[in-house]
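Subject: Structure handover

Hello,

Here is the structure I said I would pass on. Please open it first, then read the notes below.

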Amino acid sequence: MRRGLATGMLAGLVLGLLVIGTPAGAYHTHFQYGCNDTFYNHDPVSRADARDYAYIAAAEGYQWAGGCWNGNNVDDSPGDPVQDPNTLGEGGDCSGFTFKSWWERAETGDPWFRYHAWMQNVHGPYSAADFKAGAGASNVTVAKASTTYMDAFAASSHIGMIYWANTAYNQDRIIEAKCEACGTGTWPRTYRGNPDYSGVRRLYWAG
Amino acid sequence: MRKKWRWPLAGFVLGGLVGATVLTVNVVGASSPERADVRAGGFGEILHTPVLLARAGQPVELSYDVVCGALKDEPTSHCAPSGSVYVRPAGGSTFSRMPLEREADGLLSAVVPATDARAGFDYYVAIDNRRGRTAILPEAGAAAPQHVWLLQDWATVDVGAARFGRSRTPSSVVRGFAWGRGDAAIGLDSGREQSRIGPSAFDVAPDGSVVVLDQVNHRLVVLRRGAEAEHLPIDFSGGEGDLAVGGDGTIYVLDSSARPVLRAFTAAGAPIAAGRLAESTADMVRMGPSGPLVHSYPSEMWLPTGAARPPVAPGRQLASAQSARTVRGGLGVVVHASPSEVKLALVRGDRVEHAWMLRGETRFGEVQLAEPYGNGMVVVVRLWNEKHAEFRVLRLAPAGLVQSFDLTPAEWAESGSLSRFRLHGSTLYQLRSDPSGISIAEFEIGGTT
C-alpha cells in the first residue's frame with residue numbers, strides 16, 4: 001500500500017511539474033497580474049519630487065509597452081521576449097517611464113500633474129518620437145545646452161531623463177528604462193552631444 | 001484490480017496537487033508587489049561631481065544634491081536633507097567639519113577657503129535625509145576620501161572651433177562585421193521604445209589582437225591578424241558593459257547590470273572569477289599596474305577589484321578607492337571636464353606632474369580617452385552643437401598641444417559610454433557603427449609613446 005502510494009505520488013508530482021510548470025516557465029511571471037490602476041490628480045510638483053519618484057524604478061525591470069514596478073530593487077521578470085507586451089513583465093519602457101516620472105496626464109491637452117502609483121499599469125499616450133517632437137500640452141523641446149535635471153534627451157526610439165548632469169568625464173547620469181536586458185536604472189550617457197538626441201522639457205514644475 | 005490501483009491513484013492525485021501548489025506559490029511570490037521594498041525604505045542617493053582639479057589660491061565649492069528614498073507608494077514631498085563636509089589637508093590626519101548650506105537652487109554646498117598648499121586636500125560628506133537615514137560619500141569616508149589636486153601651473157590649450165565633417169580617414173580597418181547573430185556578424189539589440197545597442201566595448205591585447213565585447217550575443221570576439229574571428233561564449237546578464245585586457249591576456253568584462261559585476265576570463269574565454277562591485281553603477285574598467293580598476297558611481301572613484309581569485313570584496317574596494325586612475329610608473333590620470341573647459345593632469349601621489357586646461361569655441365562633450373603618451377597625454381574629447389558632433393584627438397606635451405585631428409563619431413549604435421576608443425602603442429583604435437554594421441578603425445598618432 002505504502003509503496004503504491006509513494007510511486008503514485010512521485011508520478012503525480014513529476015506530471016504536475018511538467019504539465020503546469022513548463023508553460024508557466026515559458027511564459028514568465030505575469031508580473032502585471034499584480035498591478036493596479038491607482039492614480040491621483042495632483043498640484044504641480046518639483047523636479048526633485050519627480051526624481052525621487054523615478055529613482056524608485058531604478059534596478060527594476062523593463063517591459064515594452066509596460067508600466068508598473070514594485071520598488072524592490074529586482075527585475076522580477078528578467079529575460080522576457082522583447083517587443084512583446086503580452087509577456088506582462090515588470091517595468092515601463094522608455095517613454096512610459098518618462099510619462100509616469102513626469103507626473104503627466106493621459107489627456108494630451110491637459111498639462112497638469114497626476115501621481116501614478118508605482119504599481120499602476122499605465123504607459124501614457126507618448127512614444128519617444130512624440131516626446132522628441134515636444135508633443136502634448138505639457139512638453140516642449142529645448143536646446144540640449146540649456147537642459148537641467150529631469151529634463152530629457154529623446155531620439156526617435158529612446159528617451160532618458162537627466163538624473164545628474166555633468167559628471168567628471170562630462171557625461172550625464174541618465175535615469176531610463178533602457179532595454180529588456182538592461183532594465184531600468186541610472187547610467188552615465190553621452191546623449192547630450194549625440195545629434196540623434198534632442199532636448200525635451202516637461203513644463204510647469206513647481207520648482 | 002480496483003483495490004490494487006487505489007493507493008497509487010491517490011498518490012498520483014496528491015503528487016499532482018503538491019506540484020501545482022509549489023509552482024503557483026513560486027510564480028505568484030515572484031511577481032507579488034508585496035515583496036520587501038529595499039530601495040523604497042533606503043536613504044536614496046547623494047549626488048556629487050568630484051572637484052578633482054582646482055586652481056591653487058582660489059576657494060573651492062563642494063556641491064551636493066540628494067535623491068530621497070520614498071517611504072511608501074503615495075505622493076511625498078522631497079526630503080529636507082542636511083549634513084556636513086569633512087575636510088583635511090592632504091597628508092593630514094584630522095578632518096575639520098564644515099556644515100553644508102542650502103543654496104537657492106536647492107543644492108547643499110560648502111566652500112573650502114583658498115589655500116596655496118601644493119598637496120591639495122581630502123574630503124567626504126555625511127548627509128542626514130531627515131527621514132531617519134544617513135549616508136556618507138564616498139562610502140568609506142575618512143578611510144578613502146575624495147582628493148583635490150591644486151594646480152599651480154598648467155598648459156592652456158586652445159582647441160579652436162569644431163570642424164564638423166572634416167574628419168581624418170582611418171589608417172586601416174582591423175575588421176568589419178554586419179549586424180546579426182552568426183559567426184560573421186555582431187549583435188544588435190534594437191526596437192521601438194528602447195536604445196539601439198551594439199557591441200559595448202573592445203580592447204587591444206598585448207599581442208595586438210582585438211577583443212570585442214559582443215554582449216548582445218553573449219560572447220567575446222577575438223580578432224587576430226590574418227586569422228578568422230574567434231568566438232568565446234561568456235556569461236553576461238546586463239545590457240551593456242566594458243572590457244579591458246590585462247598584460248597576461250586575462251580579459252576583464254564589466255557587466256553593467258542592475259548590480260554591476262566584474263568577470264575575468266582567460267585569453268581562451270574560460271571563466272576565472274566574478275565579483276560584485278561595491279557601488280551601484282559603473283561605466284569603465286581599465287587596467288592598472290596591480291589589476292583592473294573600475295570607475296563607479298556615485299563616488300566617481302576608481303575601485304580596485306584585484307587580479308587574483310577571489311576578487312577583492314566590496315568593502316575592500318571602497319576602502320582602497322582612488323580619485324585618480326593609477327597607470328604605469330606610479331602616475332595617475334585625473335580628468336575633470338565641463339562644457340566650457342577640460343582639465344587634465346598627470347599626478348604622482350598628491351603632487352601634480354603636468355596639467356593641461358583645454359578651451360575652445362565649441363562646447364565640450366565627454367572625454368572619451370585620456371592616456372599617458374610619452375611625457376604627455378593623448379586625449380579624445382567630443383565637440384558638439386545641437387545638430388553636429390565630432391571627436392577631437394589631441395596629443396599633448398607638457399608645454400602644450402603637439403598634434404590634433406578630428407574623427408567622425410560613427411555612433412549609429414550605442415556602445416559603452418566611454419568605450420569607443422583605445423590606445424595601443426602609437427595607434428588609436430575606434431569602434432565605429434553605421435546601419436550596416438561595425439568596424440574597428442586604426443589611426444596612427446605618431447611621436448614617441
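**Chain A**

Of the 207 residues in chain A, 60% are buried. Please keep in mind that this is a predicted model. Chain A has a mean pLDDT of 90, with 86% of its residues at 70 or more. One stretch needs caution. Over residues 17-26 of chain A, pLDDT stays under 50. The model has 8 contacts beyond four places in sequence for that stretch.

Chain A holds 4 helices and 10 strands. Along the sequence, the pattern is α-β-α-β-β-α-β-α-β-β-β-β-β-β. Among contacts in chain A with a separation of 6 or more, 66% are between residues 24 or more positions apart.

Look next at helix α3 of chain A, residues 94-101. The helix is mostly covered, with 8 of its 8 residues buried. The buried residues of α3(A) are A:C94, A:S95, A:G96, A:F97, A:T98, A:F99, A:K100 and A:S101.

Is A:Y191 buried or exposed? A:Y191 counts as buried because it has 25 C-beta neighbours inside 10 Å, and the cut-off for a buried residue is 20 or more. Beyond its neighbours within four places in sequence, A:Y191 is in contact with A:F153, A:G160, A:D172, A:I174 and A:Y197. As for A:A57, the C-alpha to C-alpha distance from A:Y191 is 21 Å, and the two are 134 residues apart in sequence.

**Chain B: overall**

Chain B comes to 2 helices and 35 strands. Of its 449 residues, 49% are buried. Along the principal axes, the C-alpha atoms of chain B fill a box of roughly 100 × 60 × 45 Å. Take the contacts in chain B between residues at least 6 apart in sequence: 52% of them join residues at least 24 apart.

**Chain B: domains**

Chain B is split into domain 1, residues 44-152, and domain 2, residues 157-444. The C-alpha centres of these two domains of chain B are 29 Å apart. Domain 1 of chain B puts 22 residues into the contact, and domain 2 of chain B puts in 17 residues. On the domain 1 side, β1 (44-47) and β10 (146-151) of chain B each supply at least two residues. Which of the elements gives the most to that side? It is β10(B), with 4 residues. The residues on the domain 1 side of this contact in chain B comprise 14 nonpolar, 6 polar and 2 charged.

**Chain B: strands β18 to β21**

In chain B, 4 strands make an open sheet, in the order β18-β19-β20-β21. The pairing is antiparallel. β18 (241-245) and β21 (271-276) of chain B are the edge strands, and each pairs on one side only. On average, neighbouring strands of this sheet are turned by 15 degrees against each other, direction ignored.

Inside this sheet, β19 (residues 251-255) and β20 (residues 261-265) of chain B pair in the antiparallel sense over 5 bridges. Opposite B:I251 stands B:F265 in β20(B).

Strand β23 of chain B, residues 291-297, is mostly covered. Buried residues account for 6 of its 7. Two strands pair with β23(B), as follows.

- β22 (residues 281-288) of chain B runs antiparallel to β23(B), and 7 bridges join them. B:M287 has B:P292 in β23(B) as its bridge partner. The hairpin from β22(B) to β23(B) passes through 2 residues.
- β24 (residues 301-304) of chain B pairs with β23(B) in the antiparallel sense over 4 bridges. B:H295 has B:W302 in β24(B) as its bridge partner. The hairpin of β23(B) and β24(B) has 3 residues between the strands. In that turn, B:E300 has a positive phi of about 60 degrees.

That is the handover.

Best wishes

Terms used: Residues numbered from 1 in each chain as written. Chains lettered and ligands numbered in written order. Predicted model: local features only at pLDDT ≥ 70, side-chain atom pairs only at ≥ 80, totals over all residues. Domains from an automatic or database assignment. Contact = placed C-beta atoms within 7 Å. Nonpolar A, V, L, I, M, F, W, Y, C, P; charged D, E, K, R; others polar. Pairing = 2+ DSSP bridges. Axes fitted to C-alpha atoms, helices over the stretch in contact; angles between N-to-C directions. Buried ≥ 20, exposed ≤ 12 C-beta atoms within 10 Å, placed from the backbone. pLDDT = per-residue confidence, 0-100.
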